Amino acid sequence: MSSPLLEIKNLCTQFHTANGILRAVDGVSFVLHDRAAIGVVGESGSGKSVTALSLLRLFGPLDKVSISGEILFDGVDLLKLSEAELRHVRGRQIAVVFQDPLTSLNPVMPVGEQIAETLRFHRGLKKPAARARAQALMELVGLAEPARRYDDLPEQFSGGMRQRIMIAIAIACEPKLLIADEPTTALDVTVQSQVLMLLNRLRQELGMALIMISHDLGVIAATCDFAQVMYGGRVVERGHIQDILTRPNHPYTAALLRLVPRIDGPVNRRFAPIPGQPAPIFGAARGCRFSARCEFADQRCHTDDPPAHDFGNHHVSACWLAQERFAATATIE
Amino acid sequence: MTPLLQRFLSWGLLIWVGYLLMITLFALTGNEFAPYDPTRQQVVARLLPPFSSSSRGFHWLGTDQLGRDLLSNMIAGARLTLFIGLISNAVGMAIGVALGMIAGYYGGAVDRLVMRLSEAQTAMPMFLVAIFFLTVLGPTVLNVVIILPSLVWPAFARLVRAETLRLRSALFVEAAVATGATDWSVLWSSILPNMAPRIMVLAVIELGHVMLAEAGLSFLGIGVQPPATTWGLLIARGRAYLAVAWWLAILPGIMLGLTVLALNMLSRRFAATSGSAA
Amino acid sequence: MNHLSLPSFLLARLRDGLVVLFLVTVVIFVLGHMLGDPAALMSPVDASEQEIAHLRHQLGLDRSFAEQFASYFGSLVRGDFGQSLWQDRPALTVVLEALPATVLLTLVALVFAGLGGSLLGILAGARPESALDRAANFLSITALSVPNFWLGLLLIVIFAVKLRMLPTSGFSSWQSLIMPASALAIIHGARVFQLVRSATFEEMAKPYALVARSKGLPERLILGKHILRNTAVTMLTTVGWEYVRMMGGAAFAIEVVFAWPGIGQLMIHAASRQDFPVLQAAVIIAGAFVIVTNGIVDLLYRTLDMRVRAA
């Protein structure tokens, strides 16, 4: 087996805020191979976005952050790179597609230029060459009349088209890894599937690996081979997408799946929302992060960190009761 | 101590608060804290630099061309400077708040009129008009207090109008109107209290502006006239001796500058804490 | 008003500007003629009642208010601002002679204020809470807390009296320009700094700035291209407003401090000699400047804004 493209070991990302130290990511480890796709699922506050942003250290100007652990990308620990060195990774080896294409694009700069500038900076292309290549990219992502629309401003495009522009920007330098942070959340449902299909196609054509972040299991299922469920800054379950969907082995995962309406389910089935709210973790925490809201939690769950049980075929779950549950092979009702 | 007050206070801020309290004390007590009679002349001891002594005693900040102690004059000058500043600011605030509320609440033609007036005034070279006004009518304290509010009322009017517009459509205002409250009582009891913090922040800033404007007028000789003292006048008086006694013009300016600076620092801090609490 | 087409906008702006100018003349007229007795003021001290009455009739001051204003306004429009009492020349000529010095001073100061303030503002806004940011911010608040004429005096003490590097006053050589322009530039630049700093900070916090960083672009590109485009309007309009402030009176206090032969200096001399025609003319001319600058700023704002919103 070849060495993985991305290997994250015990990543901890903490924000120093006025209210204390916020542990947004609290010991996350996983591996991603070339051309593979992993989906990171969770509610807001689970740490899914921060995990991805930590790779490229994309934090706000006022954020006080400390990161520990290792992020090995192509054998290089990204956390040990200086800001200047990291800039060569950003946009070129690892690219990001953000959630809201309206605010993610510079409102007063022509869209073509926003695509071209990565090419000019990373690849050293001159203006005419960059322009040509940018137009080719626009066509690649499915935008009609690239030549005419090159100089248009973002507001002259629809939401779906803007997201395509964002994708064009991201893939411009043919990165090895693409991170998509809730790329379809701000889009109309009808446009969502188009964008997802585009992402799949581009992944194939350009041979990129993908980290898809979403709260929507459907989006993950449509684009990824693996799924990783996060809660409270930790990974609670991970496995092949099929295993996660059909044989979840963590109460949280199961609860999330119960929230997905099924067209073939009983008409009057009531949704079972997960009681309680996800709480941000300040300071030290003990035990399973989900124990406060878990219906199966017992004493051990509240006091001791659950270990990761491996069920073979890359399926792991961090739950004290995982072993027993696995034996019973629970499925969705 | 309420949480708001707690966030507001900090060591750095206490310095400014303390300074302002000191200045207020000077203003209230007149010459009480002045080491010497500010008007007492002693030509023998003229133009002494700071930290020098005369037969009267030690002069912390030196003496002027007639031997008058500078520190005492600066302390004495606090009263009128503050007085003019506070009154002019209060009048400007009253006018601005009233016009702003009317414009924001009733809208329509009244709103347009008030806004045009305020725009026109901002467009006019008000300082020049003030110079003209004072030259024609005579440079008295009363005239200064009449003309200075005209420099600040537009700022208040703009703020209050925007706030009134915002609050007018708030639910609690609708509730008050629904219970039959008159326009006046709605404005006074429901809308005004909610704008109060922002108005106060602006008032503190504008107080600084007014004080600087008064100093400018006095400096040009068309503001307050001697024998009254304001810091602006002291600077003007010291100007002639700049080459031989720089402290006469510079030190009163520092006192004025520190006062306005303290006001600015306080208003920023207050805006930051009340803004987030609001 | 932004929905109007450009010609309509210009027309409306012109109309507004003229209205304001008209208001200025009315205010000046009212103050100058109705409150206080110009005839008495203009006559020598020992003039008799008859002589004053005669002068009053000559000046037409015994006519009705409306008539007086009409003739006053009429002559203004013709460019006749009256005769300077002090120099026995047309008041307008006296004012226009002093104008270039003021324009030179204010424009030079404006350039430095605009460039310096904007540059520092962008750097500080991009590095919030850094040493540069805190220091520059504090200094700018301080600069805005002191009287501008005092700052001028301070500069004179340091550079002319103590260090003997620069001339104290007047307009003898280009070196005379340095201190007065610096005094103005520091204070007005401080305000430009504050506004550009907060605008930059706001933009840096927006998602597109994060996206630009995620592309791996270096800071100079992000600031110079992305942020600048979005803050340019703020910068230009702020600079415009500062010019309005300067011509509205701030520059004149500096002129007096440095005995700079501009309109401010002229006004003070005229005031001390009770030369109303010159005073009037100065206020109106300066007022016209302010109004024109306002109009240009509005126009700039609108055209840049329109381009931003090109659809």
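User: In which helix of chain C is the place of C:His57?
Analyst: This is a predicted model, so to speak of local features pLDDT must be at least 70, side-chain atom pairs count only at pLDDT 80 or more, and totals for chains, interfaces and linings use all residues. Residues are numbered from 1 along each chain as its sequence is written, while chains are lettered from A and ligands numbered from 1 in the order in which they are written. Helices (H or I, at least four residues) and strands (E, at least two) are DSSP runs, numbered from the N terminus. On that numbering, C:His57 belongs to residues 49-58, helix 3 of chain C.

User: Is C:His57 buried or exposed?
Analyst: A residue is buried if 20 or more other C-beta atoms lie within 10 Å of its own, exposed if 12 or fewer, and partly exposed in between, with C-beta atoms placed from the backbone. C:His57 has 12 other C-beta atoms within 10 Å, so this residue is exposed.

User: How many Å apart in space are C:His57 and C:His226?
Analyst: In sequence, 169 residues separate C:His57 from C:His226. From C-alpha to C-alpha, the distance between them is 67 Å.

User: What is the pattern of chain C along the sequence?
Analyst: Chain C has twelve helices and zero strands. Of its 311 residues, 45% count as buried. Read along the sequence, the pattern is α-α-α-α-α-α-α-α-α-α-α-α.

User: Among the pairs of chains that touch, which has the most contacts?
Analyst: Two residues are in contact if their C-beta atoms, placed from the backbone, lie within 7 Å. No contact joins chain A and chain B, and their closest C-alpha atoms lie 12 Å apart. Two pairs of chains touch, and the most contacts are between chains B and C.

User: How do the residues of the side of chain C that touches chain B divide into nonpolar, polar and charged, and what are the counts?
Analyst: Here 36 residues of chain C are in contact with 34 residues of chain B. Helices of chain C that each supply at least two residues of this side include helix 1 (6-34), helix 10 (219-258) and helix 12 (276-308). Ala, Val, Leu, Ile, Met, Phe, Trp, Tyr, Cys and Pro count as nonpolar, Asp, Glu, Lys and Arg as charged, and the others, Gly among them, as polar. The division is 28 nonpolar, eight polar and no charged.

User: Which residues have the most contacts inside the largest nonpolar core?
Analyst: A nonpolar core is a set of buried Ala, Val, Leu, Ile, Met, Phe, Trp, Tyr and Cys residues joined through C-beta atoms within 7 Å. The largest has 257 residues. Leaving aside neighbours within four places in sequence, C:Ala282 is in contact with residues including C:Val95 and C:Met267. Those with the most contacts inside the core are C:Val95, C:Met267 and C:Ala282.

User: How many helices and strands has chain B?
Analyst: Along its principal axes the C-alpha trace of chain B spans about 75 × 50 × 25 Å. Buried residues make up 46% of its 278 residues. The pattern along the sequence is α-α-β-β-α-α-α-α-α-α-α-α-α. The count is eleven helices and two strands.

User: Which are the edge strands of the open sheet in chain A?
Analyst: Two strands pair if DSSP finds at least two bridges between them. Four strands of chain A form an open, antiparallel sheet in the order 2-1-4-5. The edge strands each pair on one side only: strand 2 (20-32) and strand 5 (76-77).

User: In strand 9 of chain A, what is the bridge partner of A:Ile38?
Analyst: Strand 3 (residues 37-41) of chain A has five of its five residues buried. Five bridges join strand 3 to strand 8 (residues 209-214) in parallel, with A:Ile38 partnered by A:Ile211. Strand 3 also pairs with strand 9 (residues 226-231) in the parallel sense over four bridges. There the bridge partner of A:Ile38 is A:Phe226.
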